[in-house]
Structure formats: structure tokens, C-alpha cells
Amino acid sequence: MPQSPPDRQKARYPAPSPGLPARRAALKLLDAVIRRGQPLEAALGAATQGIERSDDRALAHAIAAETLRRLPDLDALIDSATAKPLPDDAKARFALRIALVQALALGTPGHAAIATVLPLVDGGPRRLVHGVFGSLMRKGETLPEVPALLPEVAARWEAHWGADMVAGAEAAIAAPPPLDLTLADAQETDHWVSELGGISLMPGHVRLADAGPVASLPGFAEGRWWVQDLAASLPARLLGPGDGVVLDLCAAPGGKALQLAAAGWQVTALDRSAQRLDRVRENAERTGLALDIREADVMSWAPDVPARAILLDAPCSATGIFRRHPDVLHRVRPRDIAEMAALQATMLDRAVDWLAPGGTLVYATCSLEPEEGERQVETLLRNRNDIALQPVTEGELPAGTFARERRWVRTLPGMLADAGGLDGFFIARLVRKG
């Protein structure tokens, strides 16, 4: 929003601000994501080290995340006010991004936005940052309501999915998504919709538009539900209820394992990350659901006996969760997608060999790249005459997500937009011929 005249006057003589540590941390976060390709969440600990207040750490994250959501538009504003473009990695550009996103998207008064950023730069760049920011504020510049995607991402997704998908993605990234909950007991859906003040898009699901702190919500401490995007809940749903052993490969953070346990399966939850498995244990303890948790790598581990059911939510580029993690748009490159696709192909080949005759495997990735979804299954079916695709039916999915011409599930930006949208997922159900 444009500054008021008093704000403009104060911005000429910025004073030191107690909010400086949060802005310095936001700068470190952006540097970690954009220049070094680190995930935003993974960089948070180091960037906020020494910051004691939790609200300051949260502010640093919010500034960095909103900057990443709106980076192309912020850079367009900056370039419009400079005689020649600043280098992409210039500290002045990073500082201006932080100042502008606060003033134009986060509601920070202009004088506070610039006062907390100027100490991050020295000498000539400091004068440049002050001058460019002041010029843009005096002109009353604003950010577009719907952010633009990075041109290379927009071009790639348009080639795969069309212009409507790109428009849906741009609308989806405009604001953080709603909070989805998966219920331990689907028969309690109506109760929790009423208790939490949400909506439900299918049995066992509740969506909240404005939730507040998750741990303070009714039912959390009692383990009656867990946080899980609706699209992320679909792979486990496609295995249905069971009473035998199911292998949940790459199980962390554990939402799908909890679903399977709640559906009656005896769950072996496997993951290579001890740290991520700690979160699985915490959720299992909170919900009271039994899991056989094992720290192991799918690439070297193997079950003792063939499995009746397997869920492989494979490691991927994670471009489908860009609404929650906008950093993926800036750090995932075509080579990363190719590397992930090669890993997924090897994992999928190993996992189908573990199926008993007549057994079912659900393969899923939270990616919007066909190389990590459709191409994986097409290649597998071409190479393995003992594996067949079991089509997904309309009744197994939320209304508005079923495509009759597809035999698998592909959720895209724009689906269920009026109800809050979905993460991007690919899901296929495979059976081993008996």
C-alpha cells in the first residue's frame, strides 16, 4: 500500500529499529534459497540463530516467504526505478525486495520497512536502496493482486498443462493455502466440521480457512486429527481399508502412515531420516495409532516376505506444494527434476518387485512435473508385463478432481479453487498380476 505523507517524511530519516534481527534473518533466508538452492524450512534454523523471540523468527519466515511468492513482480518494480538493472545477487536488490514486500504486501508502514533494511547495506548501495524505495513509494506503486510466476516456470508448466493451469497457479500462490485436516475416524466428520468451524470436501476431511495455532485447536491434543493437505491424503485412501501388513515407504512426516493405521492396516513405516522419523513417532503417540517405524533406505532395504500392499510416496522436486513452500519455484531446476526422476524410476522398480501376486502398490509424488509422475508409470508398464494399472474411480476422489479420460489421479492448480484449492499431486494405483 502507498505510504501516507508522514510515512514518507519519516522514511527520509530512518532510525534504527528493534525489528532489525528479523530482517537480517529474512535476508539470510533469501540468500540461502535463491543463491544456494536450500529449502526455506531447512535454512530457517541457521538464519534465525540467536533470535530468542518466536514472533521475530516467524516474521523473518513470513518476509522471506512473501518475497518468494512475489519475486518477479518485486524485481520488475525495482528495475523500473533504476537506470540499469541491479545484478540478481546484489545485496541492494535483496534489501529492496525485503523493504518493498513489507510495505506493499505485509502492511508494514513505509518508514519502518526502510528503517529496518538500510542497516543491512553500506555505502553507495545504501543510498541506492533508500532512493529507489523512496521513488517507488512517492509514485504510489503497488503489487498486482495476482502474482506472476517466474517466466521459466510458467513456460514449463504451460507446455505441460496449458495456459489455464498457469493462471490457476498464479492465483493459488497469491496467498497461503487453507489448513486441511485428516480425521482419525471419518464417521466424526460432521462433528469436527461443526466443532472447528470448517468445511469438508470428502468424508474424513475438514478444511479451515483461518485456523490460528494448530496445537491449540480442539481435538489436536486428543489425537483426533492431523494436518494433511487433501491431495496428500488421496494416495492412502486408494489402498482402502485393510487388515494385513502395508509398507509405507518414505513415510515421513507420517500423515499417510496414520491414515493407513486408522484404516485397519498393520503399517511398517520406513524412512531414511532419523530426524523426520521423530516427527512420525510424535504423531503416532499423539493419535494412539500403532506404527512399526523403521529407519532404513528403500535403495538398500528389502522386506522379508512379499507385501500385499505398498505405498510409495517417492522423493520428488515437490513443485506441487509451491503454495505452502514457494521456495521450490526458485530453487528447482530441470536438472533437479531429471535427477529425481532417475531416483524414482529405480525406487519404483524395486518396490513392485516386493509385491505379492495380486498385491497393490500406490505410487505418488507431490510434483507438477510429468517426468516424475505420468512418465514414470508409462515407462514401468511398458517394461513390466506383470504389472497393470488399476483405474481410479470417481467415487474415490473429491468432487471436481476426477478426469474420466485418465486412469490415474492428477491434481492441478485451479482445481477446487473456489473451495481453497489443492496441492499438485500425481497418484497411480498398480497391481501385480497373479
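Author: Helices here are DSSP runs of H or I with at least four residues, strands are runs of E with at least two, and both are numbered from the N terminus. Keep in mind that this is a predicted model, where local features need pLDDT of at least 70, side-chain atom pairs count only at pLDDT 80 or more, and totals for chains, interfaces and linings use all residues. Residues are numbered from 1 along each chain as its sequence is written, and side-chain values use heavy atoms, with hydrogens and water left out.

Let's zoom in on L100, which sits in helix 6. Its relative accessible area is 0%, so L100 is buried (buried is under 20% relative accessible area, exposed is over 50%, and partly exposed lies in between, using a 1.4 Å probe and protein chains only). What does L100 touch, leaving aside residues up to four places away in sequence? Its contacts (heavy atoms within 4.5 Å) are L74, I78, A105, F133, L136 and M137. L239 is another story: 139 residues along the chain from L100, its C-alpha atom is 47 Å from that of L100.

Now widen the view to the helices. Two packed helices are described by the angle between their axes and the distance between the axes. The axes of helix 5 (residues 71-80) and helix 6 (residues 91-104) come within 10 Å and cross at roughly 110 degrees. Those axes are lines fitted to C-alpha atoms, for helices over the stretch in contact, with angles from 0 to 180 degrees between N-to-C directions.

Who does the touching? On the helix 5 side you'll find L71, L74, D75, L77, I78 and D79. Helix 6 brings R93, L96, R97, L100, V101 and L104. Sort the residues of this contact by type and you get 8 nonpolar, no polar and 4 charged. Nonpolar here means Ala, Val, Leu, Ile, Met, Phe, Trp, Tyr, Cys and Pro; charged means Asp, Glu, Lys and Arg; the others, Gly among them, are polar. So L100, buried as it is, is also one of the residues helix 6 puts into its contact with helix 5.
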